[in-house]
Amino acid sequence: LRVVDASSGSASDVASRVDGVLSGMGAPGWVPTPLSPTVVCVLGAAGSGRSMACAVAASSTGSTHLVPEALLREAMEAGHELGVAAAELLRSGKVLPASMWVELVVAAIGVGGGSGSYVVEGFPEDAPTLEAFEGALGCGVALCVRLDCDEETLASRLEGRSSAEAWDFFDETEREASAESVGRRQRLFASSSAAVSSALAGGGRLRVVDASSGSASDVASRV
């Protein structure tokens with residue numbers, strides 16, 4: 001930011017002051033302010049309509065939609081170092097550390113030159129990951145949208161999973177999940193996302209959207 005006094009002199013005088021400021025750009029010792037990405041995170045349990053909400057939000061704002069699981073598959077299929085390391089961990093039955101997920105998402109944002117706008121789906125899942133993510137980005141998450149939906153509604157949507165409704169699920173295994181499994185997942189989501197919500201709510205960076213009523217398109221329009 002540069003402030004120019006425009007209260008004295010003629011219009012030409014003001015113009016010359018502005019020109020003086022602009023002429024300093026690019027001079028030795030001048031360092032431009034680095035561009036930062038605008039990152040919006042959308043959190044929600046499987047069946048909340050999260051995927052469609054992210055896709056619609058990204059499309060309407062001209063943002064890039066990032067799905068960590070898809071980024072992982074791409075890295076594994078391409079044989080990238082991170083993908084190979086992740087594949088080895090998964091084959092041995094181990095859970096991927098948060099640092100790997102952070103690296104995947106930050107690398108995808110870096111492809112865009114570190115600027116632009118991004119809608120990140122289902123990430124970060126907990127407070128330590130949020131802290132690591134913002135540290136790696138070098139800036140804070142602009143906004144987090146949390147989709148709230150009760151267990152009964154999620155279970156009902158799973159029971160009707162063969163319908164044409166575009167509710168999202170993690171994978172084919174999740175599509176086969178029982179109501180009890182859905183309940184466990186929802187409670188796990190509520191527990192892990194609570195800290196993320198708390199951390200971002202303090203800075204006014206949290207918005208909670210009702211995902212328990214209407215269609216997936218309705219939920220997307222609210223987001």
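I started at the end of α3, where Gly79 follows the helix with a positive phi, near 75°. This is a predicted model, so I took local features only at pLDDT of at least 70 and side-chain atom pairs only at pLDDT 80 or more, while totals for chains, interfaces and linings use all residues. Residues are numbered from 1 along each chain as its sequence is written, and side-chain values use heavy atoms, with hydrogens and water left out.

**Helix α3**

Helices here are DSSP runs of H or I of at least four residues, strands are runs of E of at least two, and both are numbered from the N terminus. I looked up which residues of α3 are buried (under 20% relative accessible area; exposed is over 50%, partly exposed in between; 1.4 Å probe, protein chains only). They are Pro68, Leu71, Leu72 and Ala75. Their arc, taken from the directions from the helix axis to the C-beta atoms, stays within 100°, so these residues line one face of α3.

**Second largest pocket**

I then checked the second largest pocket. A pocket is an open set of points on a 1 Å grid over the protein atoms alone, where a 1.4 Å probe fits, with protein on both sides within 12 Å along at least five of seven lines; lining residues have an atom within 4 Å of a point. Its volume, the space filled by probe spheres set on the points, is about 190 Å³. Of 11 lining residues, Leu71, Ala75, His80, Leu104 and Ala107 lie nearest the centre. Helices α3, α4 (81-91) and α5 (98-111) each give at least two lining residues. The largest share, five residues, is from α5. By class I noted seven nonpolar, one polar and three charged residues.

**The sheet**

Next came the five strands. They form an open sheet, ordered β2-β3-β1-β4-β5, with parallel pairing (two strands pair if DSSP finds at least two bridges between them). β2 (64-66) and β5 (206-210) each have a single partner strand, so one side of each lacks a neighbour in the sheet. Val39 has Tyr118 of β3 as its bridge partner.

**Beyond β3**

The Phe123 to Pro124 peptide bond is cis, with omega near 0°. Pro124 sits in the loop between β3 and α6 (127-137). In α6 I found Thr129, Leu130, Phe133, Glu134 and Leu137 buried. They cover an arc of only 130° around the axis, which puts them on the same side of α6. Pro128, Glu131 and Gly135 are exposed on the face turned away from that buried side. Just after α6, Gly138 has a positive phi of about 85°.

Technical notes:
Nonpolar A, V, L, I, M, F, W, Y, C, P; charged D, E, K, R; others polar.
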